[in-house]
Amino acid sequence: MGTEGRQLAFDLPHRPATGRDDFLVTPSNEKAVALIDLWPNWPSHALILLGPPGSGKSHLAAVWHEMTGARIIAPPEIRRETVPGLLEKGALVIEDAPGEGLDEAGFFHLLNLAREQKAFVLVTARQAPLGWGIALPDLISRLKAAPTAQLGAPDDELLRGVLIKLFADRQIAVDEATVSYLPARMPRELEAARHLVAEIDRRALEERAEVTRNFAARVLGDITSPGLFAEDEG
């Protein structure tokens with residue numbers, strides 16, 4: 001089919017908000033948010049943020065980054081010789097631990113140095129440290145002693161709130177029927193909500209269509225590519 005008679009949709013970048021005011025608090029994440037908000041009065045210099053893919057770990061870590069100015073790294077960047085530099089800002093986020101080929105001695109040194117320097121380390125992970133396959137007993141002991149904050153899979157209340165905000169960010173007017181229909185029928189992941197709203201926006205522009213419940217349902221039903229609902233980093 002040609003493009004005559006259709007409005008072409010331009011895929012413009014859309015910056016996701018990561019500030020504390022933009023992080024919606026519901027029963028699925030309220031305990032984790034409360035612990036993050038305790039900073040700098042954490043019970044330890046290290047905190048482990050646990051949750052399944054799409055639960056919002058990366059978003060909450062980004063909130064803490066904005067609070068602290070923390071550096072954000074991936075686990076492979078941890079090596080004994082790099083540890084002092086990683087803690088220069090006094091706060092560090094380690095995303096998606098344990099990663100591949102974790103330098104266990106380097107990680108242990110990092111946690112020790114953070115305690116000595118009164119620096120803070122926030123670690124995000126999908127499962128508790130006992131499931132990371134760590135061989136170094138001292139590191140296991142140190143990680144077991146670190147407090148954990150658990151994020152659950154997004155509940156309907158959170159998905160609904162995120163959808164409302166995403167539509168508003170794109171200046172798309174939607175009614176209650178639309179935002180109530182989607183949460184129970186889409187993947188329970190925050191990244192899925194972002195992809196879905198972006199696709200609805202693109203299709204609405206392309207087809208010059210009003211975003212109604214039926215239109216949103218049709219777009220959701222047409223999504224068959226596994227790549228569209230990409231796995232959230234956190």
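Which residue in β3 is the bridge partner of Ile-73? In the predicted model examined here, local features need pLDDT of at least 70 and side-chain atom pairs count only at pLDDT 80 or more, whereas totals for chains, interfaces and linings use all residues. Residues are numbered from 1 along each chain as its sequence is written, and side-chain values use heavy atoms, with hydrogens and water left out. The bridge partner of Ile-73 in β3 is Ile-94.

The chain has nine helices and five strands, where helices (H or I, at least four residues) and strands (E, at least two) are DSSP runs numbered from the N terminus. Read from the N terminus, the elements follow the order α-β-α-β-α-β-α-β-α-β-α-α-α-α. Of the 234 residues of the chain, 45% count as buried, that is, under 20% relative accessible area, with exposed meaning over 50% and partly exposed in between (1.4 Å probe, protein chains only). Among contacts (heavy atoms within 4.5 Å) between residues at least 6 apart in sequence, 73% join residues at least 24 apart.

The five strands form an open sheet with parallel pairing, in the order β2-β3-β4-β1-β5; two strands are taken to pair if DSSP finds at least two bridges between them. Strands of a sheet pair through backbone hydrogen bonds, either parallel or antiparallel. The edge strands, each pairing on one side only, are β2 (71-73) and β5 (148-150). From one strand to the next, the twist averages 20 degrees. Helix α1 (residues 30-37) packs on the sheet, where it touches β1 (46-50), β4 and β5, and its direction makes about 145 degrees with that of β5. Such angles run from 0 to 180 degrees between N-to-C directions, and axes are lines fitted to C-alpha atoms, for helices over the stretch in contact.

Within the sheet, β2 and β3 pair in the parallel sense over three bridges. Strand β3 (residues 91-97) is also joined to strand β4 (residues 120-125), with which it runs parallel, by five bridges. Ala-91 stands opposite Phe-120 in β4, and Ile-94, the partner of Ile-73, stands opposite Val-123 in β4. Because six of its seven residues are buried, β3 is largely enclosed by the rest of the structure.

Two helix pairs were also examined. Two packed helices are described by the angle between their axes and the distance between the axes. The axes of α4 (residues 104-117) and α5 (residues 137-145) come within 9 Å and cross at roughly 45 degrees. The two helices α4 and α5 are therefore oblique to each other; angles under 35 degrees count as roughly parallel, over 145 as roughly antiparallel, 65 to 115 as roughly perpendicular and the rest as oblique. The crossing of α4 and α5 is left-handed, meaning that the near helix is turned anticlockwise from the far one by less than a right angle, and a right-handed crossing is the clockwise case. Residues of α4 including Phe-107, Phe-108 and Leu-111 meet residues of α5 including Leu-139 and Leu-143. By class, this contact of α4 with α5 has five nonpolar, one polar and four charged residues. Ala, Val, Leu, Ile, Met, Phe, Trp, Tyr, Cys and Pro count as nonpolar, Asp, Glu, Lys and Arg as charged, and the others, Gly among them, as polar.

The axes of α8 (residues 190-207) and α9 (residues 213-222) come within 10 Å and cross at roughly 115 degrees, which makes α8 roughly perpendicular to α9. The crossing of α8 and α9 is right-handed. Seven nonpolar, no polar and five charged residues form the contact of α8 with α9.
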